[in-house]
Amino acid sequence: MIGRKLIHYAEVDSTNSVADQLARCGEPAGTVVTANSQTHGQGRLDRRWFSPPDGGLWFTVILRPKTEPEITVQMTLLAAVAVCIGIEKATGIRPGIKWPNDLLVRGKKICGILCEMEAAETVEYVLLGIGINANVKEQDFGADLQTTATSLALESGRNVDGVQLLQEVLNQLDLWYDRWLTEGFSVLRKAWKERNITLNRQIEVDCGDTVVVGQAIDIDGEGALLVQTLDGSEQRFLFGEVSIRCLEGSDQSCG
Ligand code: BTN
């Protein structure tokens, strides 16, 4: 069960790094590593994740699904759905999901998810690193982040109870992980689509070496994003950084 064992630190470099060490040494599935602050919070694409003390929930869940590595792309979608519902239950705020797993409110990021894995032919363990900006104050974000990030406290006008939020999110993670293991991806796909803000929008997908522009049309049965490009062909993405274009023909990005 996710969250049966919680290991809490006042400060770590990154909860993903700590969880990685623990998982390597045999820590069982379901253990959650939390920290009040991170000195080197890791984001996707080698970015840093701003993780000030008392500002949010910074935690990593250790999982050991008996699957092939390819299928774990679905776990990032799973985390997005579970965290989205957990946030809504705890605060009434309903974030939207930008594929694959960024949670946004009014176009600003409220939660990021970093899914890492150790695998050979099958998965050894998966680390779901989740950062929720719960009580980060506007001035704490700094000028660069103020335009792209927000927090639950800023959106609701009141401080969020971190313990209740963590409980709701872990409950949802446990429920959706169990559903995914027993029922497969289809229920999860439906829930993801209900909360997504990516489909039917003009987007750009940055894959590092190329940027593809087109209309996001669906996610397939494996969780890949399907995009109809400007020349009418369809492309399939299992990874990439998506920007949503607010105004057709403009470069203005809203997520
Ligand atoms: C992203 O959107 O770039 C992913 C951000 C993930 C941040 C969380 S905070 C807890 C866990 N520990 C880390 O170092 N990163 C993840």
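Tutor: The side chain of asparagine 135 reaches the backbone nitrogen of valine 160 at 2.7 Å. A polar contact here is a pair of N or O atoms within 3.5 Å; within protein, one must be able to donate a hydrogen and the other to accept it, and residues adjacent in sequence count only if both atoms are side-chain atoms. This is a predicted model, so local features need pLDDT of at least 70 and side-chain atom pairs count only at pLDDT 80 or more, while totals for chains, interfaces and linings use all residues. Residues are numbered from 1 along each chain as its sequence is written, and side-chain values use heavy atoms, leaving out hydrogens and water.

Student: Where is asparagine 135 found?

Tutor: In the loop between β7 (123-133) and α3 (138-146). Helices (H or I, at least four residues) and strands (E, at least two) are DSSP runs, numbered from the N terminus.

Student: Is asparagine 135 buried or exposed?

Tutor: Buried, with a relative accessible area of 15%. The cut-offs are under 20% for buried, over 50% for exposed, and partly exposed in between, with a 1.4 Å probe and protein chains only.

Student: What is asparagine 135 in contact with, leaving aside neighbours within four places in sequence?

Tutor: Asp54, Gly55, Ser151, Ala153, Asn159 and Val160. Contact means heavy atoms within 4.5 Å.

Student: What is phi of aspartate 54?

Tutor: Near 60°, a positive value in a residue other than glycine. Aspartate 54 sits in the loop between β2 and β3, and counts as exposed at 58% relative accessibility. Leucine 45 has its place in the loop between β2 (32-38) and β3 (56-63). Its phi is positive, near 55°, and leucine 45 is exposed at 54%.

Student: Switching topic: which peptide bond is cis?

Tutor: The one joining tryptophan 99 and proline 100, with omega about 0°. Proline 100 lies in the loop between β4 (96-98) and β5 (102-105). For background, most peptide bonds are trans.

Student: OK, ligand time. Which residues come nearest to the ligand?

Tutor: Of the 20 around it, Ser14, Gln38, Gln42, Arg44 and Lys109; a residue is near if one of its heavy atoms lies within 4 Å. A polar side-chain atom of glutamine 38 is 2.9 Å from a ligand nitrogen atom, and one of threonine 15 is 3.0 Å from a ligand nitrogen atom. A polar backbone atom of glutamine 42 lies 2.7 Å from an oxygen atom of the ligand.

Student: How much of the ligand's accessible area does the protein cover?

Tutor: 98% of the 410 Å² that the ligand has on its own. Those areas come from the Shrake-Rupley method with a 1.4 Å probe; for residues, only the protein chains shown count as cover.

Student: What does serine 14 cap?

Tutor: The N-terminal end of α1, with a side-chain oxygen 3.1 Å from the backbone nitrogen of asparagine 16. Buried residues in α1 (residues 15-24) include Thr15, Asn16 and Val18, and β1 (6-12), β2 and β3 are among the elements covering the helix's buried residues.

Student: Last one: how many residues are in the largest nonpolar core?

Tutor: 58, and Phe59, Ile132, Leu165, Leu173 and Leu225 have the most contacts inside it. A nonpolar core is a set of buried Ala, Val, Leu, Ile, Met, Phe, Trp, Tyr and Cys residues joined through side-chain atoms within 4.5 Å. Helix α2 (residues 73-91) gives the largest share, 12 residues.
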